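Biologist: I am new to this structure. Could you walk me through how to read it?
Modeller: Gladly. Let us bring it up first.

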Amino acid sequence: MAKQKEIKTNAMRILDRMKIPYTFQTYECDEFIDGQHTADLLHLPHEIVFKTLVTVSPERTYFVFAIPIDAELDLKKAARTAGCKSLAMIHVKDIQNVTGYIRGGCTAIGMKKDYPVFMDESALLYEKIAVSGGKIGLQLTLTPGDYEKACHAVFCDLTRE
């Protein structure tokens, strides 16, 4: 019987190339499920699981935000942080074209372009955080510092009170 080839996503290859340690977990899923369901399936505490959101400015500049799955992005704080007048979430139909990833499998690590990445400062409270691994059904766990290194993330306050 042939040995099954390990599936590596672009995000995993980038982390390997940068010699950044990570672990990964897979789960059965054929279509998008929200972060809460993903965390529950993998028995991960919700506060360490971060979702990746992509926004666009009126000038068509893209910005990426990673926030806890149970939180809501404060678009006013996000715009101030990004140095813009305003930001809007990109349309679901544009996610793959802009990032190279599909909804539910989007991560700031290894997007099509190096967009500015901001991560909610709550990540710094934890030794490890979990983010999408670049495809539906795959989560990566790594330190906040290694995430910062992998995608040049800036930590700041991003969520609604």
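Biologist: Does Tyr-115 count as buried or exposed?
Modeller: Keep in mind that this is a predicted model. Under 20% relative accessible area means buried. Tyr-115 has 14% relative accessibility, so it counts as buried. Tyr-62, at 17%, counts as buried too.

Biologist: How many aromatic pairs does the structure hold?
Modeller: Two. To name the geometry, look at the angle between the ring planes: over 60 degrees counts as edge-to-face, under 30 as stacked. Take Tyr-62 and Tyr-115: their ring centres are 5.6 Å apart and the planes stand at 65°, so this pair is edge-to-face.

Biologist: Which parts does that pair tie together?
Modeller: Tyr-62 belongs to strand S3 (residues 62–68). Tyr-115 sits in the loop between helix H4 (95–99) and strand S5 (117–120). The pair therefore ties together parts 53 residues apart in sequence.

Biologist: What are the centre distance and plane angle for Phe-65 and Phe-118?
Modeller: The centres are 5.4 Å apart and the planes are at 20°, so the pair is stacked. It links distant parts of the chain, with Phe-65 in S3 and Phe-118 in S5. Phe-65 has 0% relative accessibility and counts as buried. Phe-118, at 9%, is buried as well.

Biologist: Now a helix. Which residues of H3 are buried?
Modeller: H3 spans residues 75–82, and Lys-77, Ala-78, Ala-79 and Ala-82 are buried there. Next, ask what covers them. The cover includes S3 and S5.

Biologist: What caps the N-terminal end of H3?
Modeller: Look for a side chain reaching a backbone nitrogen. Here Asp-74 is the cap: one of its side-chain oxygens lies 3.0 Å from the backbone nitrogen of Lys-76. Just after the helix, Gly-83 takes a positive phi of about 75°.

Biologist: How many residues are in the largest nonpolar core?
Modeller: It has 34. Leu-15, Val-54, Ile-109, Met-119, Val-131 and Tyr-147 have the most contacts inside it. Elements giving two or more residues include strand S2 (50–56), strand S6 (129–132) and helix H5 (144–151). H1 gives the most, with four residues.

Biologist: What does Ile-109 touch?
Modeller: Leave out residues up to four places away in sequence. Then Ile-109 touches Ala-11, Ile-14, Leu-15, Tyr-101, Tyr-147, Ala-150 and Cys-151.

Biologist: Which residues does the second core include?
Modeller: This separate core has 14 residues, among them Ile-67, Ala-78, Ala-79 and Phe-118.

Notes: Residues are numbered from 1 along each chain as its sequence is written. This is a predicted model: local features need pLDDT of at least 70, side-chain atom pairs count only at pLDDT 80 or more; totals for chains, interfaces and linings use all residues. Side-chain values use heavy atoms; hydrogens and water are left out. Rings of Phe, Tyr and Trp (its six-membered ring) pair if their centres lie within 6.5 Å; planes under 30 degrees apart count as stacked, over 60 as edge-to-face and the rest as tilted. Buried means under 20% relative accessible area, exposed over 50%, partly exposed in between (1.4 Å probe, protein chains only). Contact means heavy atoms within 4.5 Å. A polar contact is a pair of N or O atoms within 3.5 Å; within protein, one must be able to donate a hydrogen and the other to accept it, and residues adjacent in sequence count only if both atoms are side-chain atoms. A nonpolar core is a set of buried Ala, Val, Leu, Ile, Met, Phe, Trp, Tyr and Cys residues joined through side-chain atoms within 4.5 Å.
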